[in-house]
Amino acid sequence: MKKLTSFLSIFSFLFLLLASVVNAQLNFYFVNVGMGNATYIELPNGQNALIDGGPSVKPIEAFLKSKNITHLDHVVLTHPHSDHYMGLKKVFKIATVSNFYDSKAENLSAKGDNNLRALAEAQGSVTHYPKIGEQLNWDPTVNIKVLNTCETDTPSKNNGEINNCSIVLKFTYAGQKVLLTADMEEPGERRVLSRFPASELQADVIQAGHHGSKTASSQPFLNAVRPRIAILSYGTDNKYGFPHYEVVSKLQAMNVLMYATNEQTQTLFLKPVSKSVRAAENAPQIQVKAYDANMPVFTDASYFAEEATAESANVSVEDAETVEVEMPSLTEVKKSMHGEKSRKSLEKLQHFSF
Ligand SMILES: [Zn+2]
């Protein structure tokens with residue numbers, strides 16, 4: 001009996017150890033919020049973040065509920081346009097928020113963003129105005145660098161000017177890089193190119209600027225970033241015709257895999273994996289996985305645990321040679337892009353098969 005007890009305690013210790021290591025990953029959820037942006041992030045240290053909240057209350061509320069989220073460590077408003085802040089207004093009512101990150105852009109055409117800022121203050125969130133080049137200390141294993149924002153007061157009615165104030169963040173974790181450009185357009189891209197060497201802009205995954213608008217994703221910027229994967233965040237049949245044909249064409253010419261949020265939330269899970277384990281398992285670089293609100297994240301981690309060897313369970317971020325990237329299928333996206341304005345983009349996307 002004593003033997004069994006000690007066996008069980010060792011087993012549960014190992015299980016907990018494995019679970020804690022397995023959970024040490026960086027997860028991005030590019031939430032399907034319609035015509036807008038909302039990106040939920042789970043950090044390896046257990047903290048979380050939400051970047052923008054989408055254009056309306058229901059989608060982001062449903063997403064947070066599906067994951068039982070009532071607290072957010074970090075909330076970022078990339079820039080004060082309604083397709084990014086309207087959902088956040090609800091977020092500040094249904095969740096506690098420790099830190100709020102804002103640009104100094106002020107949208108003179110909208111009162112809503114000031115309202116949001118007041119909500120953050122009323123809740124006692126600490127408001128930060130990050131500077132370009134600053135690193136956000138959200139997790140010691142993740143490097144998060146601010147590549148763009150408006151550091152000085154920028155009141156404006158000009159949509160382009162406000163878009164170019166977008167807080168742009170680059171995440172680096174276990175050698176993999178993810179670049180979230182929000183609605184930054186070409187002038188902002190030029191500013192970033194002039195401030196940072198191309199080596200600092202390179203990213204494996206990019207959230208294409210301004211919902212795939214042709215006013216963003218300029219060729220020089222894409223050449224510096226050299227992404228493998230692009231996330232396109234937009235709503236089906238939107239009046240702007242996002243994503244624009246020109247952007248989809250450019251990304252296709254660069255052999256970039258494209259994933260859109262218009263019909264489903266897209267997930268990107270970065271997990272440290274040792275080179276030896278990868279070679280042994282001959283694991284693919286990209287695994288297909290769709291987000292299912294009924295399936296807790298730990299199910300994914302368990303899946304990984306089953307697949308992994310004991311060796312891989314001991315991999316820390318520091319000695320990982322690469323990370324595993326999981327992405328969902330694009331199949332649904334093809335069907336949904338039937339708007340006349342998106343017709344040409346659809347023709348391009350149809351060339352993709354998984
Ligand atoms: Zn937008």
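Predicted model: local features only at pLDDT ≥ 70, side-chain atom pairs only at ≥ 80, totals over all residues.
Modeller: Residues are numbered from 1 along each chain as its sequence is written.

Biologist: What makes a residue of α6 buried?

Modeller: Buried means 20 or more other C-beta atoms within 10 Å of its own; exposed means 12 or fewer; partly exposed is in between; C-beta atoms are placed from the backbone. In α6 (residues 186-195), Glu186, Gly188, Glu189 and Val192 are buried.

Biologist: Why do you say they line one face of the helix?

Modeller: Take the directions from the helix axis to the C-beta atoms. For the buried residues of α6 they fall within an arc of 155°, so these residues line one face.

Biologist: What makes β8 and β10 a pair?

Modeller: Pairing needs at least two bridges found by DSSP between two strands. β8 and β10 have five bridges, in the antiparallel sense, so they meet that definition. Lysine 145 has lysine 170 of β10 as its bridge partner.

Biologist: How do you know that β10 also pairs with β11?

Modeller: Five bridges join β10 to β11 (residues 176-180), and the strands run antiparallel. Threonine 172 has lysine 177 of β11 as its bridge partner. Two residues lie between the strands of this hairpin, where alanine 174 takes a positive phi near 50°.

Biologist: Why call β10 mostly covered?

Modeller: Five of its six residues are buried.

Notes. Helix = DSSP H or I, 4+ residues; strand = E, 2+ residues; numbered from the N terminus.
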